[in-house]
Amino acid sequence: MREVVGLAYFAICAAIAVWATRRTRTADDFFVAGRGVGLVPFAIAAMASTLSGFAFIGGTGLVYSLGMTAIFLILPAGVTNTLGAWVLGKRMHRLGSARKLLTVPDALAARYRSPATQGLSAVAILAGVVGYLATNALALGVVIDALFATGLGPGIWIGTAVTLAYSVSGGILAGIYTDVFQGLVMAIASTAVFVFALDAGGGLAAITRTIEAADPTLLGPWGARGAMTALSFFFVFAVGSLGQPQIAHKYYMLCDLARLKWYPVLMTVAMVLSQLLLFSVGVTVKALVLRGEMPSLASPDEATPQFLLRFVPVVLSALVFAGVAAAIMSTVNSFLSIGAAALTHDLPRALGREPVRQLLIGRIWTVVIAVLAALLAQQAGLLVAFLGILGYGLFASTLVPALAIGLNWTGATREGALASIATGLTLTVGLEWLVWSKKLTVPQGITVTGITLVTSLLVFLSVSWLTRDHAAAQLDPDVRAIMLDN
Amino acid sequence: MIALVVGLLGIVGAYVGVLLGLTSPLVPLGMALGTTAVLGGIAQLAIVRAGRETPALARTVRWVFGGMAVGFVVVLLLPAPVAGGPLLFGLPRVTAILLLVVGAMPLVVLPIAYARAFDAEVIPPTERRPDA
């Protein structure tokens, strides 16, 4: 049954890709979906590309082992779903329409009149993209192996080939519409499993009583790791969400800015439904293991697969596996698109060359990046784990100051933007490498991304203040009008 | 901008406190208040139109982020839950309060406030051009 549902899922993705490919004729179609995406596909695609397989596998494992501390990874969604539209939506869309922008580094170049800002941010984005893609290619290999018993290596290549097929032919246009299908699969699977999980645990109150008898801190307000770790997660995932390029560049794609009105509401509903599984399966499996109704898990990441095998009808468990594949593939497609755009469009512009034949070259870079990520996923072993933790922190520390604050503060300067991007890039790579190679230990309660994000924000504000005399001259009149709503 | 800078300094203070091994309740308090101040500061920057604050969205920012800050402080000051203690919505009461104030309240209020203020304060109909 799992194989049938899995095949049906991949067949539907392929059909959407064929449809989208026929509509992909220009670089605008390939990188920004022809700027013609409606509200519903826009919101569901944003949700699908935000959530990776982590929401279904790694996240439940963290809830199982850390309790409420892990909830602080998703709790910021209450703020971020609206804050993104509020802080970035209108200005990114208007800037994109006025200047025909394709990428997030394009917006930075326009804001600061600076090719260097475009180039440096493109380098940071590329580094983060490769990291994200390698871990997601590995995760997709695991899911395909679980569905079709292909073995991990072939699973990685099959998953990469399927995602590549629609990413390279239909670009982000195919990505958006497969995201809609994939997002619906994720939301339906997550909601259905939530009902089964609470039922299997005897209701939330019974689950709580079982867990608190063994360890009252797990479901205490801050969970097993305490208040500082929980609050650090909250800071990183609330503020860091404003620097995620796979979301920020989607604002260019909305067909009509007036549609932004209901985007936070729709995005919030989609996000809440898709994250129900994460909490419910995590706490239910913990209670069931404590009661002796399930054997202890070999690893926390076994929480979802073991629960599905024992407590959920086979059709639904197949749907969840498809949901995991969907979550990973939608994220991969978005990152392939922004990675290819950085190489095709941003770096040539930063070097003073006007990009040519962007549709063809974009497709070629998409293939190159995907193959590189699959090779890394298959051969690099522990390096994949290092690359995986880099992505989010790199985007947060390099893009939040210059983009999220810079687009809303006319006092920001090019020097501040460059200094903060350089700080975020070097500090994130350096600190994460030291921690990963065990040459540095970060005390419990602090996250590396927290340190790099707060440092790059302070660098941005202080350098901008020191060079404040340049601010006005670095703003083109049309950009200034967009920023001030004049 | 002041809220943003003060919030960042609060977070730096909290991180320094952890690095120094301080166990004072002021350390997580600095982190909680710093984070809400940074979020509120960024939101406040984004709702200025033509150099002026937009009233409905400004009220929303103050109430939502102020409410979150109060929620964090209250939960940090309350004693940790114990086994067999009171439950609210199936969770320990303090946990439920935190989830309601910091999670559910902004989750519901912010999108609705944004939609309600959209036509008057975000993109008035007069500003809607075919190319924007």
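Helices (H or I, at least four residues) and strands (E, at least two) are taken as DSSP runs, numbered from the N terminus. The model is predicted: local features require pLDDT of at least 70, side-chain atom pairs count only at pLDDT 80 or more, and totals for chains, interfaces and linings use all residues. Residues are numbered from 1 along each chain as its sequence is written, while chains are lettered from A and ligands numbered from 1 in the order in which they are written.

Chain A comprises 20 helices and zero strands. Along the principal axes, the C-alpha atoms of chain A fill a box of roughly 70 × 50 × 45 Å. Contacts are defined by C-beta atoms, placed from the backbone, within 7 Å. Among contacts in chain A between residues at least 6 apart in sequence, 84% join residues at least 24 apart.

Burial was assigned from C-beta atoms placed from the backbone: a residue is buried with 20 or more others within 10 Å of its own, exposed with 12 or fewer, and partly exposed in between. Of the 486 residues of chain A, 65% are buried. A nonpolar core is a set of buried Ala, Val, Leu, Ile, Met, Phe, Trp, Tyr and Cys residues joined through C-beta atoms within 7 Å. The largest such core has 234 residues, and Val143(A), Ala325(A) and Leu403(A) have the most contacts inside it. Helix H15 (residues 314-350) of chain A gives the most to this core, 20 residues. Leu403(A) touches Val104(A), Ala107(A), Leu108(A), Gly243(A) and Ala248(A), leaving aside residues up to four places away in sequence.

Met1(A) lies in the segment before helix H1 (2-21) of chain A. Met1(A) counts as exposed because it has 10 C-beta neighbours inside 10 Å. The C-alpha atoms of Met1(A) and Val314(A) are separated by 7.0 Å, although the two are 313 residues apart along the chain.

Helix H18 (residues 414-436) of chain A has 23 residues and should span 33 Å at 1.5 Å a residue; its end C-alpha atoms are 32 Å apart, which agrees. The expected span is 1.5 Å times one less than the number of residues. After H18(A) comes Lys438(A), with a positive phi near 60°.

The contact between the chains takes 54 residues from chain A and 50 residues from chain B. On the chain B side, H4(B) supplies the largest share, 14 residues.

Key
Contact = placed C-beta atoms within 7 Å.
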